[in-house]
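Student: I am new to this structure and would like to go through it step by step. Could you show it to me, please?
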Amino acid sequence: MSRLQLGVLASGRGSNFQAILQHIQQGKLDASVQVVVSNKSSAGVLEIARNHGIAAIFVSAKQYPDQEQYDQQILSIFEQYQVNFVVLAGYLKMLSPKFVQTYRNRILNIHPALLPSFGGKGMYGIHVHEAVLNYGCKVSGVTVHLVDENYDTGPPVLQRCVPVEDDDTPETLAARVLKVEHEIYSEALQLFAQDRIEIVGRRVKIRPAPKNTD
Ligand code: GRF
């Protein structure tokens with residue numbers, strides 16, 4: 001069995017999830033997706049999962065209005081599907097402290113900018129790229145980070161720059177950033193799969209790749 005048994009949480013179209021699936025299929029990422037959970041019944045991510053024969057579960061916030069109870073439901077599902085690592089892929093709900101504690105240092109999120117800039121509450125989707133352009137930034141980028149109890153504040157695992165072009169609109173910048181997201185998320189996950197991550201305070205250190213002894 002793969003070292004990483006992923007539980008995916010997502011609220012939207014699921015292009016990052018799809019890229020992760022592709023990398024698993026290509027043998028570039030040593031992981032299996034055990035289950036996908038969404039807080040939106042119409043989320044594209046659920047359809048992608050079902051099309052790949054992966055369990056796809058909608059958990060309704062109406063049914064579990066209390067955050068703790070909502071997350072408890074997800075924790076039960078993840079236990080049932082033997083999830084040992086959590087991937088947030090466009091998940092727009094906050095996680096409860098208990099959830100974070102249960103999977104401490106085993107939850108990743110991807111953010112379409114270079115944190116700590118342009119992160120936090122309200123900074124999602126196109127709003128991020130609008131803010132980058134309104135500030136006049138010359139570079140933006142992608143951050144894959146560990147998840148803690150607050151929005152976008154966990155330590156970065158990988159960051160990559162993406163240039164801002166003079167004629168960029170939020171949409172063109174988003175598209176350029178998204179291409180990088182689709183590569184970097186699997187790269188970060190593979191570092192965990194290969195047990196190459198060492199966490200020292202806020203610093204996530206990457207051990208060198210094991211030597212090929214063939
Ligand atoms: C991505 O831009 C990601 O950085 C952010 O949410 C978006 C999700 O897009 N956290 P998708 O659903 O993976 O296409």
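This is a predicted model: local features need pLDDT of at least 70, side-chain atom pairs count only at pLDDT 80 or more; totals for chains, interfaces and linings use all residues.

Student: What kind of peptide bond joins Leu 115 and Pro 116?
Tutor: The bond between Leu 115 and Pro 116 is cis, with omega at about 10 degrees. For context, most peptide bonds are trans.

Student: Now the backbone angles. What is phi of Gln 82?
Tutor: Phi of Gln 82 is near 55 degrees, a positive value in a residue other than glycine. In general, most residues other than glycine have a negative phi.

Student: Where is Gln 82 placed?
Tutor: Gln 82 is in the loop between helix H3 (67-80) and strand E4 (85-88).

Student: And what about phi of Asp 195?
Tutor: Asp 195 is not a glycine, yet its phi is positive, at about 60 degrees. Asp 195 is found in the loop that runs between helix H6 (170-193) and strand E8 (197-200).

Student: Why does Asp 195 count as partly exposed?
Tutor: Asp 195 counts as partly exposed because its relative accessibility is 44%, and that class lies between the 20% and 50% limits.

Student: Let us change topic to the ligand. Which residues surround the ligand?
Tutor: The ligand is surrounded by Arg 13, Gly 14, Ser 15, Asn 16, Gly 90, Ile 110, His 111, Pro 112 and Glu 181. The residues of this shell divide into two nonpolar, five polar and two charged.

Student: How far is an oxygen atom of the ligand from the side chain of Arg 13?
Tutor: An oxygen atom of the ligand is 2.4 Å from an N or O atom in the Arg 13 side chain. With the backbone, an oxygen atom of the ligand is 2.8 Å from a polar atom of Gly 14, and an oxygen atom of the ligand is 2.8 Å from a polar backbone atom of Asn 16.

Student: How much of the ligand does the protein bury?
Tutor: Taken alone, the ligand exposes 370 Å², and the protein buries 87% of that. The space that the ligand takes is the largest pocket. Helix H1 (15-25) and E5 are the elements that give two or more residues to the shell around the ligand.

Methods:
Residues are numbered from 1 along each chain as its sequence is written. Side-chain values use heavy atoms; hydrogens and water are left out. Helices (H or I, at least four residues) and strands (E, at least two) are DSSP runs, numbered from the N terminus. Buried means under 20% relative accessible area, exposed over 50%, partly exposed in between (1.4 Å probe, protein chains only). A residue is near a molecule or strand if one of its heavy atoms lies within 4 Å of it. A polar contact is a pair of N or O atoms within 3.5 Å; within protein, one must be able to donate a hydrogen and the other to accept it, and residues adjacent in sequence count only if both atoms are side-chain atoms. Accessible areas come from the Shrake-Rupley method with a 1.4 Å probe; for residues, only the protein chains shown count as cover. On a 1 Å grid over the protein atoms alone, a cavity is a set of points where a 1.4 Å probe fits but cannot get out, and a pocket is an open set with protein on both sides within 12 Å along at least five of seven lines; lining residues have an atom within 4 Å of a point. A molecule sits in a cavity or pocket if more than half of its atoms lie within 2 Å of its grid points. Ala, Val, Leu, Ile, Met, Phe, Trp, Tyr, Cys and Pro count as nonpolar, Asp, Glu, Lys and Arg as charged, and the others, Gly among them, as polar.
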